[in-house]
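Hi everyone, thanks for coming. I'd like to walk you through one model today, so please have a look at the screen.

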Amino acid sequence: MVAVISTGHSVRRILLYNENKVSEGCARCIGEGNYPMEAGSMNFNMKLNRLVRQNALNANVKRNSVHISLNFHPCEHYPVEKLMAIARTYMEKIGFGQQPYLVYEHHDAGHPHIHLVSVKVRADGSRIDMQNIGRGESEKARKAIEQEFGLVRAQDSKEALRPVPRPVTAGRAEYGKTESKKAIAGVLRFVVYSYAYTSLAQLNAVLGLYNIRADRGSENSRIFQSGGLVYRILDRSGRPVGVPVKASDVAGKPTLAFLEKRFAVHTAAQLSEKKRIRNAVDLVFIKGCPSPAGLVVQLKKQGIDVVLRKGDQQVLYGITYVDHNSRCVFNGSELGKKYSAKGILERCGETANPAQQTVFHTACQNTPDPDARGNTAAVFGPGSAGVWEMLSTPLWQPDYLPRELKGKRRKKRGKGQGGNQ
């Protein structure tokens with residue numbers, strides 16, 4: 001089980017997000033805690049008023065709303081009774097057992113998960129301190145609940161039933177199906193806080209998997225000069241459709257200034273996360289890579305998406321790796337010259353000219369992948385692996401380096417032994 005905790009200024013907005021999912025048929029309210037009546041007997045205003053009135057007991061608490069998602073393994077499909085028991089136990093262990101809260105079961109992702117909506121103000125007007133609650137109370141609660149209810153452990157990366165991590169296909173934004181602002185807000189709520197990225201281009205590499213792009217406009221545009229940002233929904237060809245939505249109008253206000261703070265937080269990405277991608281790429285070449293398309297096919301089997309950035313004439317000028325295991329995003333140049341677009345082409349025996357790029361683009365588009373769908377920025381998601389691949393692909397460990405990639409050890413000379421004898 002994985003728990004994700006976020007706070008906000010408006011409990012109404014959080015509650016409305018979940019209720020909209022219910023009206024769209026993507027979720028249902030399965031229970032409540034510390035309410036005077038059952039959730040099924042209450043309308044929206046009754047659910048909201050209980051939370052708003054308790055928040056009103058302490059007007060000094062600005063970020064007074066709490067939104068928690070408990071995410072389970074794709075093989076874990078539990079009845080409502082067990083989900084509610086897990087929710088009650090979790091809230092009790094993190095100090096929210098006496099708070100009013102609502103529980104929603106969502107069906108808009110590739111894995112089972114529930115959302116909990118609550119407030120930080122206690123019944124006596126005091127504030128619940130949530131400083132480091134994720135690493136403290138929540139982490140302890142998660143481990144205890146996994147053992148008590150027999151859940152798949154979040155840290156057990158060697159679990160046989162664990163599938164290759166991949167983006168949530170059901171959460172993609174599709175123009176015309178739902179309101180643009182709702183669709184964009186739903187994707188951003190997950191991506192912005194879940195992935196580690198250090199630039200707008202890296203963020204767009206992940207958002208592209210969900211048919212969304214963050215756009216500053218041209219350098220001469222009023223949006224760019226004022227430091228603004230808009231979000232656009234993309235069609236299957238990667239072209240923007242519909243009216244752009246201002247970042248300040250989206251729930252959570254993921255503006256450029258907000259994202260730049262996230263960039264700074266993610267700059268110190270762990271070396272081990274880079275090692276995993278480097279090792280995955282190198283092992284493909286050790287086994288023998290017939291073409292760049294073969295590389296992306298092998299990487300997607302290990303949960304690594306490859307996003308190719310091309311110019312107006314389909315000339316490849318950049319490559320971005322999205323690792324869904326660690327949820328880290330890296331440009332090829334950040335990993336080293338060998339992993340950049342030019343380096344990959346050279347290792348595959350190709351040159352960076354437009355003719356070769358056209359062959360590369362065509363080969364990658366013909367790779368069977370339901371996630372690509374012909375996007376301009378070719379995205380390659382994880383695919384199914386055969387029995388041989390499943391048995392031969394090594395499991396990754398943070399400090400693991402394949403034997404083939406290790407250099408030869410130099411023998412130590414004893415004292416008094418010179419180099420020339």
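Let's begin with the largest nonpolar core, which has 30 residues; Leu-207, Tyr-231 and Leu-259 have the most contacts inside it. Please keep in mind that this is a predicted model. Which elements build this core? At least two residues each come from α5 (180-194), α6 (200-207), β6 (212-215), β7 (230-234) and α8 (256-266). The largest share is that of α5, with seven residues.

Take Leu-259 as an example. If we set aside its neighbours within four places in sequence, Leu-259 is in contact with Val-192, Tyr-197, Leu-200, Leu-203, Leu-229, Tyr-231 and Pro-254. There is also a second, separate core of 26 residues, and Tyr-78, Tyr-101, Phe-149 and Leu-151 are among them.

Now to helix α6, where we find Gln-202. Is Gln-202 buried or exposed? Its relative accessible area is 1%, and under 20% counts as buried, so Gln-202 is buried. Not counting residues up to four places away in sequence, Gln-202 touches Tyr-197, Val-329, Phe-330, Asn-331 and Glu-334.

Next, β6. In a regular strand, side chains alternate between the two faces of the sheet.

Let's move on to the open sheet. Its five strands run in the order β1-β3-β5-β4-β2, with antiparallel pairing. Which strands are at the edges? Those are β1 and β2, each of which pairs on one side only. From one strand to the next, the twist averages 20°. Between β2 and β4 there are six bridges, in the antiparallel sense, with Glu-32 opposite Leu-102.

Packed on this sheet is α3, which touches β1, β2, β3, β4 and β5, and its direction makes about 50° with that of β2. The buried residues of α3 are Leu-83, Met-84, Ile-86, Ala-87, Thr-89, Tyr-90 and Met-91.

Helix α3 has 14 residues (80-93), so at 1.5 Å a residue it should span 20 Å; the end C-alpha atoms are 20 Å apart, which agrees. After α3 comes Gly-95, with a positive phi near 95°.

That's my tour, and I'm happy to go back to any part of it.

Notes: Residues numbered from 1 in each chain as written. Predicted model: local features only at pLDDT ≥ 70, side-chain atom pairs only at ≥ 80, totals over all residues. Heavy atoms only, no water. Helix = DSSP H or I, 4+ residues; strand = E, 2+ residues; numbered from the N terminus. Expected span 1.5 Å × (residues − 1). Buried < 20%, exposed > 50% of the residue type's maximum accessible area, 1.4 Å probe, protein only. Core = buried A, V, L, I, M, F, W, Y, C linked by side-chain atoms within 4.5 Å. Contact = heavy atoms within 4.5 Å. Pairing = 2+ DSSP bridges. Axes fitted to C-alpha atoms, helices over the stretch in contact; angles between N-to-C directions.
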